[in-house]
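Please keep the sequence and the model in view while reading.

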Amino acid sequence: MREVDDEAVAVSRIFVDTREGALSEAGDLIQPLESGVILEDQSEGELSDLVRMSGQVRQNPREITLFKSVGMALEDLVAAWLLVESDGC
């Protein structure tokens with residue numbers, strides 16, 4: 001399944017929640033990889049790398065950053081914990 005086309009993927013700085021998950025589950029990346037539109041090393045990092053970056057992530061206002069998330073249990077756990085802590089249940 002895909003949400004963005006090859007052109008959008010090709011011109012973007014790519015970040016993923018987890019490299020292993022994205023490269024095995026995300027059609028947005030798997031299909032362009034298989035067709036040679038992008039290379040596996042074009043992914044610039046995982047979510048943990050992205051949140052640790054200091055300063056501005058985008059290097060200019062026209063730059064496109066693509067974040068692809070396929071989900072991971074830790075994200076679900078943190079969301080549930082935040083909900084319980086906020087008395088939102």
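The model is predicted. The chain has 89 residues, of which 25% count as buried. Its secondary structure comes to five helices and three strands, and from the N terminus the elements follow the order α-β-α-α-β-α-β-α.

**Overall dimensions and contacts**

- The C-alpha trace spans about 45 × 30 × 20 Å along its principal axes.
- The chain has an accessible surface of about 6200 Å², and carbon and sulfur atoms contribute 54% of that area.
- Among contacts with a separation of 6 or more, 75% are between residues 24 or more positions apart.

**The sheet**

- Three strands form an open sheet in the order S2-S1-S3, and the pairing is parallel.
- Strands S2 (43-46) and S3 (64-68) are at the edges with a single partner strand each, so one side of each has no neighbour in the sheet.
- On average, neighbouring strands of this sheet are turned by 25 degrees against each other, direction ignored.
- Strand S1 (residues 12-16) pairs with S3 in the parallel sense over five bridges.
- Val16 has Lys68 of S3 standing opposite.

- The buried residues of H3 are Gly27, Asp28, Leu29, Ile30 and Pro32.
- The cover over these buried residues includes helix H1 (6-10), strand S1, helix H2 (19-25) and strand S3.
- Gly27 belongs to helix H3 and has a relative accessible area of 8%; because buried means under 20%, Gly27 falls in that class.
- Beyond its neighbours within four places in sequence, Gly27 is in contact with Met1, Arg2 and Pro32.
- The C-alpha atoms of Gly27 and Arg2 are 5.1 Å apart in space, although the two residues are 25 residues apart in sequence.
- Gly36 follows H3 and has a positive phi, near 85 degrees.

**Salt bridges**

- The structure holds six salt bridges.
- Asp6 and Arg2 meet through their side chains in a salt bridge of 2.8 Å, N to O. Asp6 counts as partly exposed at 26% relative accessibility, and Arg2 counts as partly exposed at 27%.
- Lys68 and Glu3 form another salt bridge, with their closest N and O atoms 3.1 Å apart. Lys68 is in strand S3 and Glu3 is in the segment before H1, so this pair ties together parts that are 65 residues apart in sequence.
- Lys68 counts as buried at 13% relative accessibility, whereas Glu3 counts as exposed at 63%.
- A network of salt bridges links Glu3, Asp28 and Lys68. Asp28 is one of the buried residues of H3.
- Leaving out residues up to four places away in sequence, Lys68 touches Glu3, Phe15, Val16, Asp17, Ala26, Asp28 and Leu29.
- Glu63 and Arg13 also form a salt bridge, and their closest N and O atoms are 3.3 Å apart. This pair links distant parts of the chain, 50 residues apart: Glu63 is in the loop between helix H4 (47-52) and S3, and Arg13 is in strand S1.
- Both Glu63 and Arg13 are buried.

**Nonpolar residues at the surface**

- Leu74, Leu77, Val78, Trp81 and Leu82 form a nonpolar surface patch, with about 530 Å² of accessible area together.
- Leu74 is located in helix H5 (residues 73-85). Its relative accessibility is 52%; because exposed means over 50%, Leu74 counts as exposed.
- Leu39 is in the loop between helix H3 (27-35) and S2, and at 53% relative accessibility Leu39 also counts as exposed.
- Leu39 and Leu23 are 16 residues apart along the chain, and their C-alpha atoms are separated by 11 Å.

Notes: Residues numbered from 1 in each chain as written. Predicted model: local features only at pLDDT ≥ 70, side-chain atom pairs only at ≥ 80, totals over all residues. Heavy atoms only, no water. Pairing = 2+ DSSP bridges. Helix = DSSP H or I, 4+ residues; strand = E, 2+ residues; numbered from the N terminus. Axes fitted to C-alpha atoms, helices over the stretch in contact; angles between N-to-C directions. Patch = residues over 30% accessible without salt bridge, like charges linked within 9 Å, V, L, I, M, F, W, Y side chains within 5 Å. Areas by Shrake-Rupley, 256 points an atom, 1.4 Å probe, with all protein chains shown as cover. Salt bridge = Lys/Arg side-chain N within 4 Å of Asp/Glu carboxyl O. Buried < 20%, exposed > 50% of the residue type's maximum accessible area, 1.4 Å probe, protein only. Contact = heavy atoms within 4.5 Å.
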